[in-house]
Amino acid sequence: MQIDLIALLVLGLRHHPSMPTALPLRRVRRAHQVLMVMCKAARSPAPGRIFGLAVVLLAGLAASASPLPGQERMEIDSRGGRMIVGGMKYAFTTFGGNALDHARGVLYVVESADPFRVQALSLSDGRVLKAFGAGEGDGPGELRGVVAVAAVDDGVLVADHGRVLRWDSKGNLLASWRPSVPGVPSICSLRSEPATPVLGGIAFRPPDGGISTIPANLPPLERLLPRDDPEAAEEIAMEIIASNIACADDVAYVQLGNRIMAYSLNGAVFELPIPTPLAEDARRSRPEPREGSGTYTSWYHSMSSDDRGRIVLIQLSLRAHEFAGAAIDPGTGCYSLIVDEEDGHRSRQLMGVYRDSALMYERDRIERELDGRMVTVLTTSTSSIWLRPIRDTGGAAPCQPGPARGGRAGRRHAGRRRHGRGWAASLSTSDTRI
């Protein structure tokens, strides 16, 4: 009876609100083992003595447990910063055609007036450094539209609906890759090679070509979808189309619905928790699709990585929400919530984090006469791109760099759930070197 009480006490205190953080289950098991040995050695001590032993031991465990990771609250300064490029002649696409090259200080953008080309802009002065894309079509360098863009070592990856093209920084077309999936919803650079979300994992191009998946040997999409429930199958397929991917070191992070799953090149698969305040905010602000409408509303606008290896998850500014996004350290789980007070005007969209600034796509305000009086209205398209400072507005202790990041985070979590062995087996050869 006393031993059972000890077990209940240990497990109960594991999640007690006075604890700085939930005790890991391995420590709970260890505490239970130690207390059992102490009880046997004490020759049936009184219940009060057992309780005292448990409290003393657990107090030590709580003191040695890792402190709760700092949750910073960062606010975008709407009046500071500088404009990279702008003017009424521009109309930048806010979906798909955007990527940051942190190492080279380059921003890749797409203009609505020229949807079959990607432009590389200098973040220092807004100059157009290069344009990628030879117009509309399926020929070498041609695109059927720009679905996603990702920066890669000395170049850029551009995805249309079925292919991923690679150019170097000088504009030379190097490769064309067909991942043999129904569509390419988003891409990232996984060790300088393209990766895209698929149902149940990712597909990527190994250095020697072809197609590989994590987990290895994923079955085709039609075998993973429920056959007896067409509506559920459609919902899952639409979640894939609306998914986002970001890479850091040798780990690809996929946002699917209101979850982020991580897939490492060493075969490890684990979940990166979305900060609870952001996940709840996204759930509240996401409009429910009308029954029978056949429409799907995405959970988030986009996801990327910053120069510190953090995963930046961004909400859609057109919705009423509390947080514009969050930057999550994969190694420690520590996160910074990003607030944009100006976002109430729906005049701008957070697109990423560059160093200590927010990359903002903004619509201009213009004066227009309406019913005999002058009013301020917003332009219908995004006409300027800004870097706005991000200020610390309080919260817990600032996040500190973790001991594990990217690939090392994958190794750290490798014991949770493992699929395959190292590089996944190649499925086919559907890429072309130019």
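**Figure 1. A hairpin joins strand β8 to strand β9 through four residues.** The model is predicted; local features require pLDDT of at least 70 and side-chain atom pairs count only at pLDDT 80 or more, whereas totals for chains, interfaces and linings use all residues. Residues are numbered from 1 along each chain as its sequence is written, and side-chain values use heavy atoms, with hydrogens and water left out. Strands are DSSP runs of E, at least two residues in length, numbered from the N terminus; two of them pair if DSSP finds at least two bridges between them. Strand β8 comprises residues 155–159 and is paired with β9 in the antiparallel sense over five bridges. Within this pairing, L157 has R166 of β9 as its bridge partner.

**Figure 2. Strand β9 (residues 164–168) is mostly covered, with five of its five residues buried.** Buried denotes under 20% relative accessible area, exposed over 50%, and partly exposed the range in between (1.4 Å probe, protein chains only). V164, R166 and D168 lie on one side of β9 and L165 and W167 on the other, and all are buried, leaving both faces covered. Strand β10 (residues 173–177) pairs with β9 in the antiparallel sense over four bridges, and the bridge partner of V164 in β10 is W177. Four residues separate β9 from β10 in a hairpin, where G171 in the turn has a positive phi of about 95°.

**Figure 3. Strand β15 (residues 244–248) forms a hairpin with strand β16, with two residues between them.** Five of the five residues of β15 are buried, so the strand is largely enclosed by the rest of the structure. The residues N244, A246 and A248 point one way from β15, while I245 and C247 point the other way; all are buried. Strand β16 covers residues 251–256 and pairs with β15 in the antiparallel sense over five bridges. In β16, V254 is the bridge partner of I245. D249, in the turn of this hairpin, has a positive phi of about 60°.

**Figure 4. C188 and C247 form a disulfide.** The structure holds one disulfide, defined as a pair of cysteine sulfur atoms within 2.5 Å. The sulfur atoms of C188 and C247 are 1.9 Å apart. C188 belongs to strand β11 (residues 188–190) and C247 to strand β15, so the pair ties together parts that are 59 residues apart in sequence. Both C188 and C247 are buried.

**Figure 5. Four strands form an open sheet in the order β3-β4-β5-β6, with antiparallel pairing.** At the edges stand β3 (98–101) and β6 (128–132), each with a single partner strand, so one side of each is left without a neighbour in the sheet. Neighbouring strands of this sheet are turned by 25° against each other on average, direction ignored; the axes are lines fitted to C-alpha atoms, and angles run from 0 to 180 degrees between N-to-C directions. Strand β4 (residues 106–111) pairs with β3 in the antiparallel sense over four bridges. L107 in β4 is the bridge partner of L100.

**Figure 6. The pLDDT is below 50 over residues 1–68 and under 50 over residues 404–434.** pLDDT is the predictor's confidence in each residue, from 0 to 100. For the protein chain the mean pLDDT is 77, and 70% of its residues reach 70 or more. Beyond near neighbours in sequence, residues 1–68 have 57 contacts in the model, a contact being heavy atoms within 4.5 Å. For residues 404–434, the model has 93 contacts beyond four places in sequence.
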